[in-house]
Amino acid sequence: MTDPTPPVLQIRDLTIGLKAGPALVRDLTLEIAAGETLCVVGESGSGKSLTSLAVMGLLDREALEIRGGTIGVAGEDVLAATPKRLREMRGGVMSMVFQEPMTALNPVEPVGAQVEEVLRLHGERNAARRRARVLEMLAEVHLPEPERIYRSYSHELSGGQRQRVVICMALVMRPRLLIADEPTTALDVTTQKQILALIDELKARTGTAVLFITHDFGVVSEIADRICVMNRGDVVETGTRDQVLSAPRHDYTRMLVASVPGLVPPPARAVGRDVALKVDALAKTYGARGMFGRGRRVQALRPSGFALHRGEIVGIVGESGSGKTTMARCLSRLIQPTAGRIELEGRDISGLRERALRESRRNLQVVFQDPFRSLNARMKVRDLICEGMINYAVPRASAHARAGALLERVGLGRDALDRYPHQFSGGQRQRICIARALALDPSVLIADEAVSALDVSVQRQVLDLLASLRDERDIAILFITHDLRVAAQICDRILVMKAGEVVEQGPAARVLTAPDHPYTRDLLAAAPGRDWDFANFRPQRATAAPAHG
């Protein structure tokens, strides 16, 4: 007996390749029913995003070609559709939510007008009806004050609010298929939990089929009905959520599942007494002057203090807007703190002018979240790593030799010296950023969300690299993250920040297993996959109920 309800998405034997090059996706077959969430999981380069772009008809036809197979969405053949019909299908039949909402939104146009544009392009000519529909959708995705959000620009919204606007834009035409490509990767745990719950709620209400692309099995355990695991263009395993998480059949799947970090920290380490960085009553207030000399003042960082010892990794965790990055920018003197004292290797740098600050900068280096944006795309790796050393009068020949040695130390060969950043994967680029930060032999390294966008296996490699560098060089590391599971794997102590204030700090084992502050408990409760023991392929607690049947 045949199923009377055909799948919303049906892909058969899809093969995608580079023109005059190898196949990047091979013989892919999958389908998704109405009201179902299929999670496609795999590392960078596995073919996940290529598959989603093929479904949306967005492949770069200059570089890529579809060599075989079919893609059906709501009964229509996507590969046979004309460009005009594809434009009509996008938004009306199928929609996509991308990973980075800031690049998906126009910074010079209010977000309400951007959502309205979807309705206008799909034939709604009445401005009043468009506006009413957008306000309705903004309320449906649980954005506060829809009228205010409608008038706001993207830079005036938080990361979670921007992602809700992008989801609103994708769903405003009630599409049959929603593709979500890593939509929660860069979000803090509480916002991530809200976005996952929102997608689940909208799916249940509208019957939308969801293709959810991610590298995080913690997220998968929260939202998936079924799982498809991809590796280097091949589907290696499919099954229900519980089948794949509890009894993975393929070695690659077992590796991915076992790589998911847990919330239990390793045994405490002995840390030296030498203080590399001391912070006392550090504060930052932003003020905006109005027409008559008055403006809103925002206390982004309330008076905070801590000490960072040699050979110690201290984690700073909290939601977006909690003050983590403001703290890092003040410590590195990328912005001037309003008050407080920063002692780097015993020297107060909080009030130093740029000329006097220059010598101290070599002792404190930063690794940023996005390695692609923090590397000059026009410079070769050799020049990127050598630039700081040459600026500090290291002879060019010595700088080149040290650059090669640093690349080898971070797991890349010397042959990488003459290549450009775009020729590396995300994890490799982050290793280059770490090598560049180490070039001046700093005593303090600030890692600001340095692994948040990486695959779990690559993330594990970078965390191991940071830990080994700490042990070898006795370097002090300030590790900023929104992921408590990552903090548990590497941090000796943890500071929890909320609304610009350090609300709790202490040894990682105590903060993560017996937190004092309600906010810390809320963060732990929101961590994705906290009910699963991924290393042992089983639920964390016997009472843990599956999220889906």
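The structure is a predicted model.

**Helices α16 and α17**

- Helix α16 spans residues 426-438 and helix α17 spans residues 456-473; their axes lie 10 Å apart at an angle of about 15°.
- The two helices, α16 and α17, are therefore roughly parallel.
- Where α16 and α17 cross, the crossing is right-handed.
- On the α16 side the contact is made by G427, R431, I434 and L438, and on the α17 side by V458, Q461, V462, L465, L466, L469 and R473.
- Sorted by class, this contact between α16 and α17 holds 7 nonpolar, 2 polar and 2 charged residues.

- E136 and R133 form a salt bridge through their side chains, with an N to O distance of 3.4 Å.
- Both residues sit in helix α5 (residues 127-140), and because they are 3 residues apart, about one helical turn separates them.
- E136 is partly exposed at 40% relative accessible area, whereas R133 is buried at 17%.

- R269 and D492 are joined by a side-chain salt bridge of 2.9 Å, N to O.
- R269 is in the loop between α11 and β11, and D492 is in the loop between α18 and β19, so this pair ties together parts 223 residues apart in sequence.
- R269 is partly exposed, with 33% relative accessibility, while D492 is buried at 14%.
- R485 and D483 also form a salt bridge, with their closest N and O atoms 3.1 Å apart.
- Both R485 and D483 are buried.

**A salt-bridge network**

- E76, K84, R85 and E88 belong to one network, joined by salt bridges that share partners.

Methods
Residues are numbered from 1 along each chain as its sequence is written. This is a predicted model: local features need pLDDT of at least 70, side-chain atom pairs count only at pLDDT 80 or more; totals for chains, interfaces and linings use all residues. Side-chain values use heavy atoms; hydrogens and water are left out. Axes are lines fitted to C-alpha atoms, for helices over the stretch in contact, and angles run from 0 to 180 degrees between N-to-C directions. Helices (H or I, at least four residues) and strands (E, at least two) are DSSP runs, numbered from the N terminus. Angles under 35 degrees count as roughly parallel, over 145 as roughly antiparallel, 65 to 115 as roughly perpendicular and the rest as oblique. A crossing is left-handed if the near helix is turned anticlockwise from the far one by less than a right angle, and right-handed if clockwise. Contact means heavy atoms within 4.5 Å. Ala, Val, Leu, Ile, Met, Phe, Trp, Tyr, Cys and Pro count as nonpolar, Asp, Glu, Lys and Arg as charged, and the others, Gly among them, as polar. A salt bridge is a side-chain nitrogen of Lys or Arg within 4 Å of a carboxyl oxygen of Asp or Glu. Buried means under 20% relative accessible area, exposed over 50%, partly exposed in between (1.4 Å probe, protein chains only).
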